[in-house]
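I opened a new page for this entry. My plan was to look up confidence, then a single chain, then the places where chains meet.

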Number of protein chains: 4
Amino acid sequence: MKNFIVLILFVFVSNIYLQTRARTEIQIPDILGYKTLKCDFHIHTVFSDGNVWPTVRAEEAWREGLDAISITDHLEYTPHKEDINLRYNRSSEIAKSHGDELDITVIKGSEITRSMPPGHLNAIFINDADKLKTDKWQDAVAEAVKQNAFIFWNHPGWKAQLKEGKIKMYPEHIDLIERGILKGIEVVNDVDYYPEAFEWALKYDLTIMSNSDIHDPINLYFNFAEHEQRSKTLVFAKDKSEEAIKDALINQRTVVYWKNNLMGSEKYLRPIFDNSISFDKQELSFTGRQTKFIQIKNNSEVDYKLKLVSSSQSVDLPEEITFKGNKIVLFEVRPKKKDQSGKEKIKAVYEIINMKIKPDENMKIEFLFSAEFNPAK
Amino acid sequence: MKNFIVLILFVFVSNIYLQTRARTEIQIPDILGYKTLKCDFHIHTVFSDGNVWPTVRAEEAWREGLDAISITDHLEYTPHKEDINLRYNRSSEIAKSHGDELDITVIKGSEITRSMPPGHLNAIFINDADKLKTDKWQDAVAEAVKQNAFIFWNHPGWKAQLKEGKIKMYPEHIDLIERGILKGIEVVNDVDYYPEAFEWALKYDLTIMSNSDIHDPINLYFNFAEHEQRSKTLVFAKDKSEEAIKDALINQRTVVYWKNNLMGSEKYLRPIFDNSISFDKQELSFTGRQTKFIQIKNNSEVDYKLKLVSSSQSVDLPEEITFKGNKIVLFEVRPKKKDQSGKEKIKAVYEIINMKIKPDENMKIEFLFSAEFNPAK
Amino acid sequence: MKNFIVLILFVFVSNIYLQTRARTEIQIPDILGYKTLKCDFHIHTVFSDGNVWPTVRAEEAWREGLDAISITDHLEYTPHKEDINLRYNRSSEIAKSHGDELDITVIKGSEITRSMPPGHLNAIFINDADKLKTDKWQDAVAEAVKQNAFIFWNHPGWKAQLKEGKIKMYPEHIDLIERGILKGIEVVNDVDYYPEAFEWALKYDLTIMSNSDIHDPINLYFNFAEHEQRSKTLVFAKDKSEEAIKDALINQRTVVYWKNNLMGSEKYLRPIFDNSISFDKQELSFTGRQTKFIQIKNNSEVDYKLKLVSSSQSVDLPEEITFKGNKIVLFEVRPKKKDQSGKEKIKAVYEIINMKIKPDENMKIEFLFSAEFNPAK
Amino acid sequence: MKNFIVLILFVFVSNIYLQTRARTEIQIPDILGYKTLKCDFHIHTVFSDGNVWPTVRAEEAWREGLDAISITDHLEYTPHKEDINLRYNRSSEIAKSHGDELDITVIKGSEITRSMPPGHLNAIFINDADKLKTDKWQDAVAEAVKQNAFIFWNHPGWKAQLKEGKIKMYPEHIDLIERGILKGIEVVNDVDYYPEAFEWALKYDLTIMSNSDIHDPINLYFNFAEHEQRSKTLVFAKDKSEEAIKDALINQRTVVYWKNNLMGSEKYLRPIFDNSISFDKQELSFTGRQTKFIQIKNNSEVDYKLKLVSSSQSVDLPEEITFKGNKIVLFEVRPKKKDQSGKEKIKAVYEIINMKIKPDENMKIEFLFSAEFNPAK
């Protein structure tokens with residue numbers, strides 16, 4: 001009978017994918033000597049209220065071009081417990097075994113799932129999830145600290161836990177922040193963005209995070225065929241080891257990547273943009289009101305959406321332009337007057353409306369190029 | 001503490017889909033007074049070696065436009081048993097509760113999983129899967145019969161169970177067929193097609209089946225964005241109740257629908273084609289060698305691929321033409337001679353290379369139209 | 001030598017499409033006993049400043065599922081005249097010969113191209129475009145009237161012809177309207193929508209129009225692969241003959257169809273919506289706060305975007321929901337209280353934000369269904 | 001009146017694209033110190049029997065990621081001549097003015113259009129097309145030679161010019177080849193591939209070419225939304241100047257790129273493959289029959305389709321695998337025996353079925369990696 005099982009095991013494993021498995025890389029450039037890792041630190045499986053076996057999470061991550069994920073099943077909310085033997089380390093362990101095969105970093109985590117305050121907290125980089133199952137949430141947090149976890153506040157604006165419909169930071173959170181325990185905050189969870197959380201992240205020096213909180217198969221939830229995408233955290237780390245990622249999280253080297261938006265510190269957004277974009281020329285020579293084009297190449301997958309803020313009085317420039325992801329677009333320049341002559345350094349300032357450095361402030365960039373004007377004949 | 005759980009349950013359930021859930025209907029016409037149901041009778045979940053929670057199977061089916069599924073977890077191969085409490089009825093029951101909400105028929109089944117012969121058999125429409133877990137496969141089959149199951153042979157050409165690399169029907173199968181126990185056979189399993197199984201289905205009057213045998217999330221396995229599709233069985237039934245489906249299966253009212261191919265009895269293929277196709281005109285009037293077009297509308301999603309077999313000597317017709325799914329295409333007709341005159345009934349015979357009525361025989365159709373020829377001026 | 005040319009002609013014509021030519025129908029239901037024709041009445045070719053041969057316009061129209069087009073080359077702006085022999089009827093005639101083969105109605109038109117006022121006017125259903133080439137625009141208009149043309153005002157909000165940046169109706173337009181000469185107005189031109197023109201159409205009883213004003217190959221301009229679409233006029237006519245279309249235009253039986261928006265009289269918008277949508281059930285029975293779903297099928301290609309205006313106090317309904325084109329979606333209903341009992345007729349009012357009956361007013365619809373409440377056990 | 005025209009001209013030009021114009025680069029790596037240029041040397045416009053204005057050809061080329069095109073209108077077949085003033089240099093000149101704006105190289109050409117033999121010949125890099133319009137084709141060829149043209153044979157297997165249905169090289173062609181006049185041959189024209197032409201190219205040292213021979217708007221003919229693509233010639237040149245391209249053509253530095261196939265000399269195919277592909281590791285350590293994966297990254301857009309020819313007896317390798325374009329795929333390796341031990345250099349030979357170095361010979365590649373075997377515990 002044992003042989004029978006072994007035989008079946010073998011044939012199943014060898015047949016599990018008749019279809020090609022392919023990974024599509026996420027095109028965001030590396031910056032500042034760091035790798036730009038694409039990560040999702042909030043993920044569920046059948047071991048709490050999710051709907052997939054943990055291996056699927058590593059497989060999905062590999063296919064989508066992610067580098068690291070954290071499995072964070074609820075400790076307190078386990079609706080499948082009638083059918084699943086509750087061992088809180090299992091989901092991370094199972095996911096990790098598949099992640100190891102595919103070179104995906106799988107970080108052990110748990111969601112400490114309580115009413116507000118403090119609401120839901122994720123503890124990641126833990127050693128033993130079982131020990132976090134305590135009566136009082138304070139004890140769970142203390143245990144996470146003991147295990148050197150990185151702790152962040154999940155979906156602070158989640159409707160179900162709002163007080164009188166309003167997002168709010170409680171004394172409990174301030175206390176955890178002041179004691180150096182609560183280090184990160186989800187500015188984006190699922191498909192929701194919380195501007196207040198972004199504000200707090202800046203004010204309290206919290207690590208900015210964006211996670212999917214996915215329960216279903218990822219592509220049952222996000223329609224990849226229509227270019228929907230998982231909410232992700234970009235992490236700037238030396239490599240994709242757990243240590244390097246933890247170092248990046250502790251030092252706030254992260255950016256939100258959500259629905260074609262990048263949000264976070266200008267320190268990281270600026271080099272992402274600069275490393276994404278290149279020009280075919282920076283000198284233009286005009287005769288009369290003839291239009292000239294600068295070809296602008298975007299090596300990232302992000303569609304950068306620009307809006308003109310200010311510019312030289314000599315030329316007409318696009319009021320709005322999108323530098324489409326993985327495309328080359330035309331930046332049109334035309335002299336305002338047909339009898340202009342001489343040389344000029346043109347400076348144009350644009351804001352990028354999908355790169356936010358504060359909830360209400362877009363990153364600005366300057367375009368510089370030389371223009372030589374010759375009067376029309 | 002109970003209230004806490006209830007609260008969480010409520011909010012989770014109410015938030016589980018921030019994204020729109022949408023069903024795309026599968027466009028195959030109804031025929032002969034029956035509904036054309038789109039079904040998949042071979043599906044796994046975490047309760048055996050699958051990777052999703054059973055509810056996902058009903059959700060996937062609803063999204064893809066299926067009408068009925070059967071959950072058929074292995075009785076003998078349960079690699080997750082360290083983590084899952086093995087109760088063999090659970091996966092069908094859980095899937096059914098979600099199916100009921102979405103009006104998807106979920107049929108209780110089990111895969112009797114043995115070495116060859118008889119290999120793997122699915123018993124569906126059973127009452128109690130636990131009773132099918134027996135030492136001898138003959139006892140499992142007998143119990144299935146007792147429960148009035150419909151039993152079919154799974155993937156008869158599965159590589160792992162071939163004898164010297166060859167697909168083969170064993171005396172055990174013949175015996176089951178002769179005793180009226182084995183009633184169906186998978187002609188398609190997963191992405192594999194077995195012509196021999198098609199041959200046997202015709203020879204032994206077995207119900208032709210095509211099933212996905214899906215283990216992973218469906219759209220992790222099939223790339224819907226690139227128009228891949230789940231292997232399916234079309235069932236011609238009075239409605240989508242279990243009774244009506246069972247009646248159709250027992251009476252062999254099924255057709256394989258696999259990778260843009262329809263395979264089965266001409267009795268069903270012909271009305272599917274006839275109900276899919278319409279013409280804008282059937283009378284053409286020519287002057288000289290002028291080309292005329294018949295616009296052909298295909299109301300189904302199937303791309304019908306036609307190849308000319310024989311035709312009138314008066315006109316040139318397309319050697320090959322595809323009636324694209326949900327499109328209108330042009331059927332070009334041109335007189336061979338410029339000085340032809342008079343009227344003629346044109347008959348053209350085409351074979352449809354993706355409609356198979358035998359493993360080596362395509363269905364043929366006749367096009368009839370009237371032509372009036374006028375000499376070129 | 002003549003034979004040589006004939007031979008070549010023959011072989012070219014017979015080989016012009018090795019690729020399949022396919023038409024995709026535009027899915028908008030017929031209403032009120034009329035056909036819903038999909039039309040574009042403002043189109044250019046190489047005979048003025050366009051970039052394609054006129055036959056291409058009929059071919060494009062056929063492929064995209066249009067029923068009728070009008071070729072409206074400029075009379076006064078013909079930048080290719082160094083290379084093209086200017087005969088103003090040619091482009092319509094050439095397009096029509098190809099349209100006839102494909103059963104596309106091609107209407108002869110001209111664009112009377114002047115500075116503002118009156119700006120650009122299209123005259124369609126004309127007999128002889130050459131006669132419209134006059135020194136004074138008033139004479140061109142008079143000739144068009146003589147030829148029984150239908151005349152409409154093109155892109156009234158076109159930036160290049162605005163006075164101090166503002167869209168404006170001039171006395172010349174009012175005069176033409178009062179004399180019954182100017183009968184239609186482009187509320188949408190190219191990808192631009194002019195709310196003021198919509199306002200004027202309602203005030204002056206003008207026929208509402210939406211046209212592409214296309215100069216380039218249509219799918220060089222609109223990215224069909226990313227679901228962009230040509231701006232179109234829906235025309236409600238007895239059939240697709242010129243006469244029937246003219247009758248519809250004169251009697252204002254039109255609706256704008258532009259970027260997933262329908263704009264025009266409620267008289268036409270309401271039956272379009274009603275004929276697009278069907279429900280699987282209208283009676284719901286609840287136990288406690290259990291969620292129930294009505295499956296809503298949208299037989300049109302339009303994504304209807306609904307927003308809740310008012311509803312019963314007994315149930316929670318979606319605040320926002322999109323009835324996706326050619327899909328079935330779930331309309332969730334849940335009792336607000338778990339101990340409710342009895343029956344109730346539920347009425348919910350939604351506005352459809354992409355169906356405009358005035359520039360600032362969306363069409364509203366009512367959903368009615370019966371609810372039976374049973375207290376939770 | 002002049003001012004009026006100027007005004008209109010200005011506003012038209014400034015409004016011609018409200019939509020974004022974007023270029024998608026064709027991902028094929030540079031090789032051997034050359035740029036890999038993507039070219040199409042056989043293109044028509046309204047000036048012969050094509051259907052677009054010449055500017056469109058430069059615009060289309062820019063959008064699709066081409067580097068250079070040649071406009072080659074027929075000299076002898078000009079069905080639009082009733083409407084177009086025939087000047088044979090105009091189409092290239094008009095296309096070139098738009099190409100210059102977009103940095104697309106537009107080469108002046110003509111199609112010498114005769115019955116077979118010699119059939120149709122393209123002469124490109126000419127100075128004056130008018131002079132090629134002669135009574136005898138020999139005179140046209142002589143004039144092209146005088147203008148230092150590069151001359152190639154178009155669609156040698158074109159059905160309309162076959163003798164008894166068979167493709168054939170005539171004495172006239174041999175003569176032109178021997179005299180160093182006919183230097184290239186279309187191995188692919190439109191969507192047709194001629195193996196015989198490939199054979200002749202190898203035998204007679206002709207430059208291998210693949211061109212679209214496009215008459216319609218490119219994306220009316222090829223359905224880009226369904227991943228169809230224009231037939232193209234890859235040219236390995238120092239830069240994209242006319243001189244550099246001519247040098248490459250004369251020296252046969254070209255490869256066919258047609259429907260995901262690359263065909264030509266191994267000298268160029270091999271570095272294209274080598275520069276497309278990278279591996280994450282080349283050393284594998286096994287325990288028992290455990291499967292290990294090498295992640296293979298394909299930086300080109302080509303789907304390379306590999307088939308196993310021979311391999312080591314120690315491991316199972318994929319029989320078939322596709323290195324998908326712009327994806328990473330998994331190359332599975334598994335020891336055949338569970339008790340194997342020791343180290344081994346594994347060599348596997350694959351043929352790439354879509355890289356042809358002869359009509360009947362695929363290019364082969366070798367995979368080398370180190371394996372360390374440890375017996376299963």
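**Confidence.** I looked up pLDDT, the predictor's confidence in each residue, from 0 to 100. Chain A has a mean pLDDT of 94, and 95% of its residues reach 70 or more. Over residues 1-16 of chain A pLDDT stays under 50. For residues 1-16 the model has seven contacts beyond four places in sequence. The model's scores are ipTM 0.93 and pTM 0.95.

I noted that this is a predicted model, in which local features need pLDDT of at least 70 and side-chain atom pairs count only at pLDDT 80 or more, while totals for chains, interfaces and linings use all residues. Residues are numbered from 1 along each chain as its sequence is written, and chains are lettered from A and ligands numbered from 1 in the order in which they are written.

**Chain A on its own.** I found nine helices and 21 strands in chain A; helices (H or I, at least four residues) and strands (E, at least two) are DSSP runs, numbered from the N terminus. Along the principal axes, the C-alpha atoms of chain A fill a box of roughly 90 × 55 × 35 Å. Of the 377 residues in chain A, 47% are buried. A residue is buried if 20 or more other C-beta atoms lie within 10 Å of its own, the C-beta atoms being placed from the backbone. Among contacts in chain A with a separation of 6 or more, 66% are between residues 24 or more positions apart.

**Domains of chain A.** I read off domain 1 (24-259) and domain 2 (276-374); such bounds come from an automatic or database domain assignment. The centres of the two domains of chain A, taken over C-alpha atoms, are 39 Å apart. Eight residues of domain 1 of chain A are in contact with eight residues of domain 2 of chain A. On the domain 1 side these are six nonpolar, one polar and one charged residues. Ala, Val, Leu, Ile, Met, Phe, Trp, Tyr, Cys and Pro count as nonpolar, Asp, Glu, Lys and Arg as charged, and the others, Gly among them, as polar.

**Chains A and B.** I counted 36 residues of chain A in contact with 36 residues of chain B. Helix 1 (2-15), helix 2 (54-64) and helix 7 (218-221) of chain A each supply at least two residues of that side of chain A. Helix 1 of chain A gives the most, with six residues. By class, the side of chain A that touches chain B has 21 nonpolar, eight polar and seven charged residues. Of the interface residues of chain A, 94% are also interface residues in chain B, so the copies meet through the same surface.

Chain A does not touch chain C; their nearest C-alpha atoms are 9 Å apart. Chain B and chain D are joined by no contact.

**Helix 6 of chain B.** Which residues are buried in helix 6 (residues 195-204) of chain B? I found B:Ala197, B:Phe198, B:Trp200 and B:Ala201.

Terms used:
Two residues are in contact if their C-beta atoms, placed from the backbone, lie within 7 Å. A residue is buried if 20 or more other C-beta atoms lie within 10 Å of its own, exposed if 12 or fewer, and partly exposed in between; C-beta atoms are placed from the backbone.
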